[in-house]
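I opened this model to look up folds, contacts and packing. My entries follow below.

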Amino acid sequence: MTPNTQIGFFKPVYVKVTCGLLILVLIVVVVGPQIATWEYDAIHWEAIGVPPSGEHWFGTDNIGRDLFARTMMGGRISLLIAVLATTVSFCIGLPWGAVSGYLGGTTDQVMMRIVDGMYAIPYVLIVIVLVVMLGRNIYLLFVAIGAVSWLDVSRIVRGQALVLKAAPFVASARAMGLPEYRIVVRHVVPNVLGSAIVFATLMIPSVIISESFISFLGLGVQEPMTSLGVLIADGGKNIYASWWQLAFPTGFLTILLLLMTILGERLRRMVTGAERSLT
Amino acid sequence: MLTTIWIVVTITFFLLRVAPGGPFDSERAVSAAVEENLLAAYDLDDPLIHQYGSYIWGLVQGDLGPSYKQKDFSVAELLFHGLPISLLIGGIALTIAVTVGLFLGATMARYRNQKVDAALEGFVTCGLALPPLVAAPLLVFLFSLILRWLPAGGLESPLHLILPVISLCIPYIAAFARLSRSSCLEALNQPFATTAQAKGVSNWRLLWHHVVPSALVPVLSFVGPAAATLLAGSMVVEVFFSIPGIGHYFVQGALDRDYTLVLGAVLVYTTSILVLNFLIDLVFLRIDPRIQLH
């Protein structure tokens, strides 16, 4: 099976375009709230629920807040939480997988059975229970998402660590009498870092989905701070009266997810060299 | 199976209770005496281990406890009301996802690395990027606001089910399509497929009678994990389309810190996933005689 990266949707030219657009979106999210004429939480009594116009590009919501500023801010918060949650899952998954894979034996068995056990419980249930337990708070939200999404990272890292364990340089490090923790920290971890980072990048779109989902349900980001999920939930309540409140945040999230998924797919194919992938 | 349920319930029970705050916290604080009475009425002032004991004892007898916020309803009543609706939507969505996904995947494998394959691949990638949270608003825009064909919420007729089901199953169609493609390709490369081709079996028959049946096992074994993640989508869909399913009560319970309701919903979710996995194992026995249950 040859990797079909050269035909159709995955031609290099499309990938370049996708990359360019994604960078554009990122720039917009970073500078957007600054260039917007209005503050994201400023209430304009004279403009409540007005449709898009030259003054309010995306219209305003039911209490007169500028939707352009809110969408940009929401995109920024969603991306920020996604990056932080991915970092959290990376920080748990990497050492867990490296230790489990390198030590092997009973330790490996126990550590991996814990991972299997956590896989068996639907992760949404854990996140929601954690959110209920920790309280509704932005800072705890990414910890909660990170705390359940490290499972995949740890499996990937463990697989890599198993391969590295047999590598000659690890054997010579052991022959030199290095203590085990030192071998893990100085020899195993740096070598799995590359693929672990690539994999973590691939996780970002799904983490954005988790964050928007929890915020959509009202369990995540709280007013007046906003995220794409919060905006979609608010817009959904007013679709008949004011379509723009739902259209712009949804459009923004769709574009963001499409770009990241296409790019991630391309990246995955380049790394694995084939089209093997689940989910 | 019972052990798994017990572990899940126990962990959830204690996790929920570790946190400060409770179902009777509200913006308007009740006086200390009222709160004490409320707690006593629901036995919330007993030591935690006693509460746990009586909860489990109730559970064995099929009693999920009272809901703290939805007065006059027991958790069992609420969930019993929501379960059929959620099962219906989830079940239809999952069935569509498997059948359509399998069909698309098999077609992609049949025309591998040709234009059809590449085009479908594009659709699949887009589908993966459209979780229910995104698909639901987009579909409502198209079919309810612009075309005015379908209702945007509520649950009064079968028509009301169409949009929720479609928005729920899109990413799973994509996932199943991709999975079936690779497992059909694997089957196509095996000697039996070559033999069938050599004896002059038509392409169509080769695909549906020889390749697809043998590619079925990996595809079906993804149904369990898919159902587990489908839960998240079903909550979004139920909230977005105002459908009174279990997801709706679960989210409400989580917002209100209604412990028993959250616990009950977790219990029902876990049980349905486990039952589904068990059923899939039974199906495996039918389609692949080499598999044996221990």
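I count two residues as in contact if their C-beta atoms, placed from the backbone, lie within 7 Å. With that cut-off I looked up Val262(B). Leaving aside neighbours within four places in sequence, Val262(B) is in contact with Val132(A), Leu16(B), Phe250(B), Gly253(B) and Ala254(B).

Ground rules next. This is a predicted model, where local features need pLDDT of at least 70, side-chain atom pairs count only at pLDDT 80 or more, and totals for chains, interfaces and linings use all residues. Residues are numbered from 1 along each chain as its sequence is written, and chains are lettered from A and ligands numbered from 1 in the order in which they are written.

**Chain A.** I took helices (H or I, at least four residues) and strands (E, at least two) as DSSP runs, numbered from the N terminus. Chain A comes to nine helices and zero strands. I call a residue buried if 20 or more other C-beta atoms lie within 10 Å of its own, exposed if 12 or fewer, and partly exposed in between. Of the 279 residues in chain A, 44% are buried. I also checked contacts in chain A between residues at least 6 apart in sequence: 69% of them join residues at least 24 apart.

**Ser149(A).** I found Ser149(A) in helix α5 (residues 138–165) of chain A. Buried or exposed? Ser149(A) is buried, because 23 other C-beta atoms lie within 10 Å. Beyond four places in sequence, Ser149(A) is in contact with Ala85(A), Ser89(A), Met203(A) and Val207(A).

**Contact between the chains.** Chain B gives 45 residues and chain A gives 42. On the chain B side, elements giving two or more residues include α1 (2–18), α7 (159–188) and α12 (259–287) of chain B. By class, that side has 36 nonpolar, seven polar and two charged residues. Here Ala, Val, Leu, Ile, Met, Phe, Trp, Tyr, Cys and Pro count as nonpolar, Asp, Glu, Lys and Arg as charged, and the others, Gly among them, as polar.

**Core.** A nonpolar core is a set of buried Ala, Val, Leu, Ile, Met, Phe, Trp, Tyr and Cys residues joined through C-beta atoms within 7 Å. The largest has 152 residues, and Val262(B) is among those that touch the most other members, as are Ala98(A) and Phe176(B). Helix α2 (residues 67–103) of chain A brings the largest share, 16 residues.

**Helix α7(B).** I noted that 23 of the 30 residues of α7(B) are buried, so the helix is largely enclosed by the rest of the structure. A kink of about 40 degrees lies at Cys169(B), shortly before the proline Pro171(B). That bend is the angle between axes fitted to the seven residues ending there and the seven starting there.
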